[in-house]
Amino acid sequence: MSSPARRVSVIAPCRNEREHVLAFCDAVAAQRLPNGVAIEVLVADGQSDDGTRELLDARCAADARFVRVDNPGRIVSTGLNRCLERARGAVIVRMDLHSVYEGDYIAQCLAALERSGAANVGGPWRAEGDASMPHHAPGGATQRDRSRGATQRAIAAAFQSRWVAGGARSRDLGYEGPVDTVYLGCWPRETFDRYGGFDETLARNQDDEHNLRLVRAGATVWQSALIRSRYRPRASLAQLFAQQRQYGYWKAFVMKKHGRAASLRQLVPGAFVAALGALAAASLAWPVARVGLLALLGAYALYVAAATLAIARSAGLSLLPRLPLVIAAYHFGYGLGSLRGWVDVLVRGAPSPAFGVLTR
């Protein structure tokens, strides 16, 4: 058995992931590790009721490196913390069931941690449509799959674009250096001993909050382009809108906790939606406000058109018809969520239970 100094603890939360859990376990088991390094894999199950739990138990029985951890809280932050309580490794690596990992993912995390001396390291957040969804299948039974595949590719392309992400370093696939937050993460155990675990009052954005906590305390969060994974985004506009609404909602509570945003770009969607709402309401009484409303809508339409052309030029012209609605779903979902979050921060003083249920 490896000593704790040469053990890596992989932690992963999940709930109702029957279609992904075994592929995830296979991918982690196939990781090419440095000599002398062993892993344990702690998967926190949030009371799954779709067969995930049974599949996971079977894998744990067949491979002693895998351990199922109960997560009665059923959200990501509680799952991560339950894993941390059980983890025995000197290094903690978070992985997600909806990502695909290069075979040296863990090895590159360890290398980046060693050369940077950072409190947390990770790779860029790369979104990619599922290639298994048919591109050119004939109509009929596969028409829905074709549509979902094209929509997912449009969502992934928009996710990666500066026009949508606002220049977030975490979407820059070639960047190496300090960042305000990073995808997933790899930490020396001492990071959690010193700065604490994940905030269990947050159903989302717990990783952003934790990284903001590190940066505000003077620690370094480091991104390495050599740490490579591919994230599978949502495959429908409704799923994307619901996801972004939750991200915007919980970001307000992160800002309340720290008294600031990690980046000004996080405030833009909420300010834009608020301005639209204010001008629309004012236009009922003052005709001059209609001019401002039409001007703002016109400017946004031009922005979306320019963004659509820029993204389609690099990702494929076949995505052109879907991109305007995808871009709007990102912005309006996040913006509306932000406004609702601030209402609950300032009026309720606590999160709404309706936003405590994660969407996929």
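Start with overall size. A compact globule of 360 residues would have a radius of gyration near 21 Å, and this chain has 21 Å, so the two agree. That radius is taken over C-alpha atoms, and the globule rule is 2.2 Å times the number of residues to the power 0.38.

A word on the source. This is a predicted model, where local features need pLDDT of at least 70, side-chain atom pairs count only at pLDDT 80 or more, and totals for chains, interfaces and linings use all residues. Residues are numbered from 1 along each chain as its sequence is written, and side-chain values use heavy atoms, leaving out hydrogens and water.

Next, the fold. The C-alpha trace spans about 75 × 55 × 40 Å along its principal axes. Of the 360 residues, 51% are buried; that means under 20% relative accessible area with a 1.4 Å probe, protein chains only. Take contacts between residues at least 6 apart in sequence: 79% join residues at least 24 apart. Contact here means heavy atoms within 4.5 Å.

Now the aromatics. The whole structure holds 17 aromatic pairs. Rings of Phe, Tyr and Trp (its six-membered ring) pair if their centres lie within 6.5 Å; planes under 30 degrees apart are stacked, over 60 edge-to-face, the rest tilted. Look at Y249 and F253. Their ring centres are 5.4 Å apart and their planes sit at 45 degrees, so this pair is tilted. Both residues belong to helix α9 (residues 237–258), four residues apart, about one turn. Y249 is buried at 0% relative accessible area, and F253 is buried at 9%.

Last, a cluster: W163, F272, Y300, Y303 and F332 form one aromatic group.

Note on methods. Buried < 20%, exposed > 50% of the residue type's maximum accessible area, 1.4 Å probe, protein only. Helix = DSSP H or I, 4+ residues; strand = E, 2+ residues; numbered from the N terminus.
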